[in-house]
Amino acid sequence: MEAEIINRVASSGLLTLDLADYYHPGERVVYDLKDNLFQGLILKEKDFRQFLKEHDWSNYAGKNVAVLCSEDAIVPVWAYMLLTTYLEPYVNKVVFGDLQNLEQALFQDALSKISLENYINAKVVVKGCGDLPIPSYAYVEITRLLRPVAQSIMYGEPCSTVPIYKKPKNS
């Protein structure tokens, strides 16, 4: 007689949280103000305003845009603000900085919407590997959010986890 195989992982009560579920699928692009500089040094307001009016901003529809200037140039803060007013009606997200800053902002938005009530006194496994590039920021942020409510937090896969946090017994 064969012994029944019991799936201990399934009966453990572990909740798996996959950060890939919070990955925004939209395209990520950089808008570099260096292309708007006069002789690669300064931004001329009149020329910049003219460019902004004539440029087809619909090319950015639904995209996630990081705005920066990669040249060591004189770029007034208002230029980034003005550029944002033209991008914002079309894009999903616009941030100042590079693609890493953009990714962080996307995850910050997504993780701030998690219903923490689902994780009260739960044993949570934050999934560790996958096909999407999940930044370290997202792992730090989910730990920060879960720690006050979860019974325990682990990293990895339910069959092989690394303990991260366990609520003290007298709390």
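Mentor: The side chains of Lys93 and Asp109 meet in a salt bridge, with 2.8 Å from N to O, where the term stands for a side-chain nitrogen of Lys or Arg within 4 Å of a carboxyl oxygen of Asp or Glu. Because Lys93 belongs to strand β4 (residues 93–96) and Asp109 to helix α3 (residues 99–111), this pair ties together parts that are 16 residues apart in sequence; helices (H or I, at least four residues) and strands (E, at least two) are DSSP runs, numbered from the N terminus. Asp109 counts as partly exposed at 30% relative accessibility, a class that lies between buried, under 20% relative accessible area, and exposed, over 50%, with a 1.4 Å probe and protein chains only.

This is a predicted model, in which local features need pLDDT of at least 70 and side-chain atom pairs count only at pLDDT 80 or more, while totals for chains, interfaces and linings use all residues. Residues are numbered from 1 along each chain as its sequence is written, and side-chain values use heavy atoms, with hydrogens and water left out.

A search of the whole structure finds 6 salt bridges, and another of them joins Lys127 to Asp18, whose closest N and O atoms are 3.8 Å apart. Lys127 lies in strand β5 (residues 123–127) and Asp18 in the loop between β1 (14–17) and β2 (28–32), so parts that are 109 residues apart in sequence are tied together by this pair. Lys127 itself is partly exposed, at 24% relative accessibility.
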